[in-house]
Amino acid sequence: MPEQHSDNEKIPVRLIGAIVAVGSLAFIGILTETVMTVLFPALMREFHVDTATVQWITTIYLLSVAATMPISSFLKRRFTLKTIFLAAVILAIIGSLIMIFAQAFPLLIVARIIQGIGSGVATPLMINIILEQSPRTKIGRLMGVGSLVITVAPAIGPTVGGAVTTVLPWRAIFVIAIPLVLLAAVIGLKCIEQKTPTEAAYLDPVQLGSIILALVGLVLALNQGGVTVSAAVAGGSVAHSGAIAIISLIVGVGMLIVFALTSKRAFSPLLRLGILKDPAVLLHACAYLLLPLVAIGYGYVITNVSQLSLGTTAFVAGSLVLPGALIGAACAPLGGWFYDKFGAVKPILIPIGIAIVGPVLMLIFSMRLTPVLLAGFYFIFGLFYAVGNANVMTSGLSEVSPEFKPDGNAIFNTCLQFGGAAGTALFSTILSVAQAGAGEEGTAEFAHATAVGGAWTFAAMTIICLIGWGCLAAAFHIRTARKRVQSSL
């Protein structure tokens with residue numbers, strides 16, 4: 001059970017403003033990530049690029065976010081919160097301006113790198129503010145609000161993208177984003193408070209370079225591995241993508257080992273990985289990697305199965321995830337309230353256990369799905385996943401010393417981002433394998449193959465969810481046994 005405090009603790013108004021400001025910035029960054037997937041056809045026509053090339057719009061963004069997340073702990077120690085926030089604002093505006101005026105595809109790639117760095121700064125900053133400044137009895141609820149940002153933005157991205165591009169040019173999305181970012185900047189600069197002094201932290205270039213290369217290598221290996229498998233099944237050339245996947249995997253794993261070794265010996269490590277020596281924290285981190293893998297990949301799978309198997313429009317396909325995403329986001333703070341009242345075990349294991357029913361029902365009905373069933377089964381998953389997963393990081397970091405919480409925040413957010421990239425790569429590969437050799441898009445054979453790929457994907461989702469739930473159950477078992485031993489001493 002959590003420590004007992006008076007439940008009458010008030011949440012400062014300025015803290016609410018700070019969370020709203022930084023959360024809005026993180027929300028806009030994550031939203032544009034998933035909005036871009038709907039824009040691929042328009043971008044391909046305008047810039048005369050093929051599918052493999054246009055995918056880099058998303059891939060390079062994910063690489064940038066993944067590479068930025070690990071330095072959030074260093075930034076928190078070295079710079080004031082307002083300085084970090086202002087940097088994220090500037091990056092978001094510069095990236096949006098380039099997206100609005102760019103007339104060449106490489107400039108779009110540059111813009112996405114800048115936006116990815118901004119989002120990689122903003123999201124951990126929001127969590128750090130909540131962890132550091134929240135009243136102890138309200139931390140679950142406020143972490144639920146933070147989870148709302150992370151959960152709902154990728155889910156509604158396809159819907160927003162489809163709605164805006166139906167009536168406006170695709171660049172309008174970034175025109176709309178700029179005043180929202182400026183409004184968040186005004187609120188943030190007024191409300192963000194510095195509660196702890198900065199430190200003369202040192203940024204080791206070897207550690208920085210190794211973690212960036214490790215994460216970029218692993219994400220790129222997943223992306224190109226999926227391309228290779230899809231090409232192999234379709235009978236295409238695999239030499240180029242296969243070589244990139246293998247080299248990226250070797251570099252990624254090798255640099256991860258280098259980072260771990262240098263961190264162990266460093267006086268001021270970029271990330272203090274020692275918190276993962278606690279098996280309960282490590283199991284929470286594993287779950288926080290696996291469960292978002294399904295949650296973020298779900299939007300991709302539903303929109304593709306809906307369009308390619310059921311024949312819906314892009315707007316309808318994007319709308320199918322909206323009810324579950326919105327209700328889930330609204331209920332995420334409720335999950336935090338349960339955590340504050342009842343501790344971690346039941347408010348996490350029960351809703352996540354119910355959420356698994358969603359992909360199970362998708363699997364059972366996979367060959368006779370309708371748009372209504374897709375939306376309904378996703379509603380089950382989206383609602384209960386948001387309620388339970390909102391508490392996973394809070395629970396994982398609950399026994400970590402305050403001075404190490406920024407490191408834990410960086411580790412968990414990196415797991416989240418990497419899981420999202422892995423999910424999209426994994427599920428897109430499964431669908432591509434099922435569709436290979438099934439004829440042209442729009443034919444009955446292709447629609448059937450997509451439905452089969454959907455069934456395989458839903459089976460994979462179920463297995464991943466069960467493993468994630470098992471990690472959490474094991475973590476709580478370890479904690480219970482540890483407390484029993486401590487109480488007997």
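**Residues and helix pairs**

Modeller: Ser248 has its place in helix H10, which spans residues 239–265. The model under discussion is a predicted one.

Biologist: Does Ser248 count as buried or exposed?

Modeller: The relative accessibility of Ser248 is 8%. Buried means under 20% relative accessible area. Ser248 therefore counts as buried.

Biologist: Leaving aside neighbours within four places in sequence, which residues is Ser248 in contact with?

Modeller: Ser248 belongs to helix H10. With neighbours within four places in sequence left aside, the contacts of Ser248 are Gly217, Leu218, Leu220 and Ala221.

Biologist: Where does Val238 lie, and is Val238 buried or partly exposed?

Modeller: Val238 lies in the loop between helix H9 (205–234) and H10. Its relative accessible area is 30%. Buried means under 20% and exposed over 50%, so Val238 is partly exposed.

Biologist: Let us turn to the helix pairs. How are H5 and H8 oriented to each other?

Modeller: Two packed helices are described by the angle between their axes and the distance between the axes. For H5 and helix H8 (residues 172–191), the axes come within 9 Å and cross at roughly 170°. Angles over 145 degrees count as roughly antiparallel. H5 and H8 are therefore roughly antiparallel to each other.

Biologist: Which classes of residue make up the contact of H5 with H8, and what is the handedness of the crossing?

Modeller: On the H5 side the residues include Phe85, Leu86 and Val89, and on the H8 side they include Phe174, Val175 and Ala177. By class, this contact of H5 with H8 has 17 nonpolar, two polar and one charged residues. The crossing of H5 and H8 is left-handed.

Biologist: How is H5 oriented to H6?

Modeller: The axes of helix H5 (residues 81–101) and H6 come within 8 Å, and they cross at roughly 155°. Angles over 145 degrees count as roughly antiparallel, so H5 is roughly antiparallel to H6.

Biologist: What is the handedness of the crossing of H5 and H6, and how many charged residues has their contact?

Modeller: H5 and H6 make a left-handed crossing. By class, the contact of H5 with H6 has 17 nonpolar and five polar residues, and the charged residues number two.

Biologist: How is H6 oriented to H18?

Modeller: Helix H6 (residues 105–133) and helix H18 (residues 405–435) pack at an angle of about 140°, with their axes 10 Å apart. An angle over 145 degrees would count as roughly antiparallel, and one of 65 to 115 as roughly perpendicular. The angle of about 140° therefore makes H6 oblique to H18.

Biologist: Which residues make the contact of H6 with H18, and how many of them are charged?

Modeller: H6 passes H18 in a right-handed crossing. H6 contributes Thr123, Pro124, Ile127, Asn128 and Leu131, while H18 contributes Pro406, Asn409 and Asn413. By class, the contact of H6 with H18 has four nonpolar and four polar residues, and no charged residues.

Biologist: Which backbone oxygen does the side chain of Lys405 reach?

Modeller: Lys405 is found in helix H18 and is buried, with a relative accessible area of 12%. Leaving aside neighbours within four places in sequence, Lys405 is in contact with Leu397, Ser398 and Val400. At 3.2 Å, the side chain of Lys405 reaches the backbone oxygen of Val400.

Biologist: Finally, what separates the C-alpha atoms of Leu282 and Gly396?

Modeller: Leu282 has its place in helix H11 (residues 279–308) and, at 38% relative accessibility, counts as partly exposed. Leu282 and Gly396 are 114 residues apart along the chain, and the separation of their C-alpha atoms is 8.1 Å.

Methods: Residues are numbered from 1 along each chain as its sequence is written. This is a predicted model: local features need pLDDT of at least 70, side-chain atom pairs count only at pLDDT 80 or more; totals for chains, interfaces and linings use all residues. Side-chain values use heavy atoms; hydrogens and water are left out. Axes are lines fitted to C-alpha atoms, for helices over the stretch in contact, and angles run from 0 to 180 degrees between N-to-C directions. Helices (H or I, at least four residues) and strands (E, at least two) are DSSP runs, numbered from the N terminus. Angles under 35 degrees count as roughly parallel, over 145 as roughly antiparallel, 65 to 115 as roughly perpendicular and the rest as oblique. A crossing is left-handed if the near helix is turned anticlockwise from the far one by less than a right angle, and right-handed if clockwise. Contact means heavy atoms within 4.5 Å. Ala, Val, Leu, Ile, Met, Phe, Trp, Tyr, Cys and Pro count as nonpolar, Asp, Glu, Lys and Arg as charged, and the others, Gly among them, as polar. Buried means under 20% relative accessible area, exposed over 50%, partly exposed in between (1.4 Å probe, protein chains only). A polar contact is a pair of N or O atoms within 3.5 Å; within protein, one must be able to donate a hydrogen and the other to accept it, and residues adjacent in sequence count only if both atoms are side-chain atoms.
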